Amino acid sequence: MSGIARLQLTVLDTPEPMALARFYSRLVGLPVAESETDHDWVELDGGGGPSLAFQLAPARRAPAWPQEGALQFHLDLEVDDLDAGEAAVLEAGATKHEHQPGESFRVFLDPEGNPFCLVRSAP
């Protein structure tokens with residue numbers, strides 16, 4: 001099946017593009033791309049594959065999840081071991097959300113309060 005387009009970037013609005021880029025760089029193992037002049041837009045170097053970018057949005061606030069209708073989207077990040085993944089993201093600066101609606105994934109908040117999930121990879 002072919003689509004109309006190919007996924008290039010997922011862009012997160014943020015009041016601090018470089019700080020959030022460094023956080024997700026640590027999580028997904030992609031380096032922050034070099035940017036000489038533009039601090040309003042920071043990308044991770046996906047090596048030609050889909051990646052993440054961070055765009056300056058000074059008034060951006062984190063969603064109030066799990067309230068119905070408050071979450072626009074979130075990232076699912078696959079790990080082989082949920083316990084090891086949890087320890088690593090907590091050390092990187094994430095916090096574990098109090099609401100945990102499943103057993104094959106865990107919900108965390110990045111340093112700006114955006115939810116993301118660690119999802120156990122299929123055996």
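## Starting with helix 1

Helices (H or I, at least four residues) and strands (E, at least two) are DSSP runs, numbered from the N terminus.

Before going on, a word on the source: this is a predicted model, in which local features need pLDDT of at least 70 and side-chain atom pairs count only at pLDDT 80 or more, while totals for chains, interfaces and linings use all residues. Residues are numbered from 1 along each chain as its sequence is written, and side-chain values use heavy atoms, with hydrogens and water left out.

## The whole chain

The protein chain has two helices and seven strands, and along the sequence they come in the pattern β-α-β-β-β-α-β-β-β. Its radius of gyration is 15 Å, close to the 14 Å that the globule rule gives for 123 residues, so the chain is as compact as a globular protein of that length. That radius is taken over C-alpha atoms, and the rule is 2.2 Å times the number of residues to the power 0.38. Along the principal axes, the C-alpha atoms fill a box of roughly 45 × 35 × 30 Å.

If you look at contacts (heavy atoms within 4.5 Å) with a separation of 6 or more, 55% of them come from residues 24 or more positions apart.

## What helix 1 packs against

In helix 1, the buried residues are Pro 17, Leu 20, Ala 21, Phe 23, Tyr 24 and Ser 25. They pack against quite a list of partners: strand 1 (9-14), strand 2 (41-43), strand 3 (51-56), strand 4 (75-79), helix 2 (82-92) and strand 7. Just after helix 1 comes Gly 29, which takes a positive phi of about 75°.

## The aromatic rings

The structure holds five aromatic pairs. Rings of Phe, Tyr and Trp (its six-membered ring) pair if their centres lie within 6.5 Å; planes under 30 degrees apart count as stacked, over 60 as edge-to-face and the rest as tilted. Take Phe 23 and Phe 116: their ring centres are 6.1 Å apart and their planes are at 65°, so this pair is edge-to-face. Phe 23 sits in helix 1 (residues 17-28) and Phe 116 in strand 7 (residues 115-120), so the pair ties together parts that are 93 residues apart in sequence. Phe 23 is buried, with a relative accessible area of 5%, and Phe 116 is buried at 0%.

Tyr 24 and Phe 116 also pair up, with centres 6.1 Å apart and planes at 70°, so they are edge-to-face too. Here Tyr 24 lies in helix 1 and Phe 116 in strand 7, so the pair links parts 92 residues apart in sequence. Tyr 24 is buried, with a relative accessible area of 1%. Phe 23, Tyr 24, Phe 54, Phe 108 and Phe 116 form one aromatic cluster.

## Glu 86 in helix 2

Over in helix 2 you'll find Glu 86, which is buried, with a relative accessible area of 15%. Its side chain makes a polar contact with the side chain of Arg 106 (2.8 Å). A polar contact is a pair of N or O atoms within 3.5 Å; within protein, one must be able to donate a hydrogen and the other to accept it, and residues adjacent in sequence count only if both atoms are side-chain atoms. Leaving aside neighbours within four places in sequence, Glu 86 is in contact with Lys 96, Arg 106, Phe 108 and Leu 118.

Note on methods:
Buried means under 20% relative accessible area, exposed over 50%, partly exposed in between (1.4 Å probe, protein chains only).
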